[in-house]
Amino acid sequence: MIGRLEKTVVECPDPRLLAEFYCELLGMRINEDGNGWVVIGREPGTRELAFQGVDEWVAPRWRDPAQGGRLHLDIRVQNIEAAQRAVIALGATRAPGSPETGYRVFLDPVGYPFCLVHGHGGA
């Protein structure tokens with residue numbers, strides 16, 4: 001092993017806004033906040049996801065071949081209907097035109113895609 005993954009960093013126009021969205025979605029807390037950088041995790045001091053502010057922001061477009069591959073999060077849920085209502089209440093929107101077999105695609109408040117995964121699999 002050369003190293004271990006410390007966290008995933010997401011560039012965005014408003015790090016605090018996006019960190020709060022994912023804190024609610026994933027049951028995490030803000031552990032660091034300052035200078036355009038917010039880090040969240042499940043326990044005090046953990047660094048699982050970070051959000052870094054950028055000045056020139058271009059929102060990602062789901063399944064746009066001109067943009068190439070993009071990172072997205074898969075989040076397993078027990079009740080897809082309740083989870084959908086909850087993420088929409090937090091500011092997410094449904095991504096149009098997805099086939100969605102066993103998952104539903106949403107866009108977070110700044111346009112990053114994430115999937116609510118349901119049905120068979122995962123704990």
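Seven salt bridges are counted here, where a salt bridge is a side-chain nitrogen of Lys or Arg within 4 Å of a carboxyl oxygen of Asp or Glu. The model in which they are counted is predicted, so that local features need pLDDT of at least 70 and side-chain atom pairs count only at pLDDT 80 or more, while totals for chains, interfaces and linings use all residues. Residues are numbered from 1 along each chain as its sequence is written, and side-chain values use heavy atoms, with hydrogens and water left out.

Glu6, Lys7, Glu32 and Arg47 are linked in a network of salt bridges.

How exposed are these partners? Relative accessible area gives a scale, on which buried means under 20%, exposed means over 50%, and partly exposed is in between (1.4 Å probe, protein chains only). Glu6 is partly exposed at 37%, and Arg47 is partly exposed at 27%, whereas Lys7 is buried at 17%. Another salt bridge joins Arg42 to Glu48, with their closest N and O atoms 2.3 Å apart; here Arg42 is exposed at 55%, while Glu48 is partly exposed at 23%.

Let us now turn to the interior. In soluble globular proteins, nonpolar side chains tend to be buried together. A nonpolar core is a set of buried Ala, Val, Leu, Ile, Met, Phe, Trp, Tyr and Cys residues joined through side-chain atoms within 4.5 Å. The largest such core has 24 residues, of which Leu18, Tyr22, Ile40, Phe51, Phe114 and Leu116 touch the most other members. At least two residues of this core are supplied by each of β1 (8–12), α1, β3 (37–41), β4 (49–53), α2 (80–90) and β8 (113–117), and the largest share, six residues, comes from α1. Apart from this core lies another, of six residues, including Trp62, Ala95, Leu107 and Val117.

Phe21 lies in helix α1, which covers residues 15–26, and Phe21 is buried, with a relative accessible area of 3%. Contact means heavy atoms within 4.5 Å, and, leaving aside residues up to four places away in sequence, Phe21 touches Val87, Leu90, Gly91, Ala92, Asp108, Pro109 and Phe114. Phe21 and Ala92 are 71 residues apart in sequence, but their C-alpha atoms are 8.7 Å apart in space.

The cysteines remain to be considered. A disulfide is a covalent bond between the sulfur atoms of two cysteines, taken here as a pair of cysteine sulfur atoms within 2.5 Å. How many disulfides does a search of the whole structure find? It finds zero, and for Cys12 the reason is distance, because its sulfur is 12 Å from the closest cysteine sulfur, in Cys23, too far for a bond. Cys12 is buried, with a relative accessible area of 0%, and Cys23 also counts as buried, at 9%.

Notes. Helix = DSSP H or I, 4+ residues; strand = E, 2+ residues; numbered from the N terminus.
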